Amino acid sequence: MPDTIPNASSIFLPWVRQGAAGGLTWFQSTAPDASAALVGLYRRFEEAPRYTPALQVPGLDPARRYRAKLLHRPVVPHSMSTTDLIDRLVAGTLTLTGAQLRDIGLPLPPLPPEEALVVGLRAEQ
């Protein structure tokens, strides 16, 4: 997956969904053919949970595998631990099926207050 997504405005049409809960704001936009998606999350307040639960990503092909890559990485204090899933997300080597993304969700790294992250999902060939 390239580090940037060319012509994002032409690939990712209107938001599929967006919302806010518990001090977190998120959006998801999916390509019309379900070949790719962008997911963004912003932690607004200190009171919002630092350890974000997995974010469910509906609208993708349940049978296809998607490679996830962190396109915008939040600044995380050195004292915060990481997991293998988060390390693979940062490296762009995490792959999940559309069914896993829909039912279990996309694992997300911890977010300090007033930080955001953007994850690109692209179907594997």
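Q: Before that, what kind of model is it, and how are residues numbered?

A: This is a predicted model, so local features need pLDDT of at least 70 and side-chain atom pairs count only at pLDDT 80 or more, while totals for chains, interfaces and linings use all residues. Residues are numbered from 1 along each chain as its sequence is written, and side-chain values use heavy atoms, with hydrogens and water left out.

Q: OK. How many helices and strands does the protein have?

A: Three helices and six strands. Those are DSSP runs numbered from the N terminus: H or I over at least four residues for helices, E over at least two for strands.

Q: And in what order do the elements run?

A: From the N terminus on it's α-β-β-β-β-α-β-α-β.

Q: What share of the residues is buried?

A: 41% of the 125 residues. Buried means under 20% relative accessible area, with a 1.4 Å probe and protein chains only.

Q: Switching to T95. Where does it sit, and is it buried or exposed?

A: T95 is in strand β5, residues 94-97. T95 counts as buried because its relative accessibility is 17%.

Q: Which residues does T95 touch?

A: Leaving out residues up to four places away in sequence, T95 touches R65, Y66, R67, R88 and E124. With R65 there's also a side-chain polar contact of 3.0 Å; that term is a pair of N or O atoms within 3.5 Å, where within protein one must be able to donate a hydrogen and the other to accept it, and residues adjacent in sequence count only if both atoms are side-chain atoms.

Q: Now the hairpins. Why is strand β2 largely enclosed by the rest of the structure?

A: Because five of the seven residues of β2 (residues 24-30) are buried.

Q: How does β2 pair with β1?

A: Antiparallel, through five bridges to β1, residues 17-21; strands pair if DSSP finds at least two bridges between them. Q18 stands opposite F27. Two residues separate the strands in this hairpin, and G22 has a positive phi near 60°.

Q: And how does β2 pair with β3?

A: Also antiparallel, over seven bridges to β3, residues 36-43. L24 has R43 as its bridge partner. That hairpin has five residues between its strands, with A34 in the turn at a positive phi of about 60°.

Methods: Buried means under 20% relative accessible area, exposed over 50%, partly exposed in between (1.4 Å probe, protein chains only). Contact means heavy atoms within 4.5 Å.
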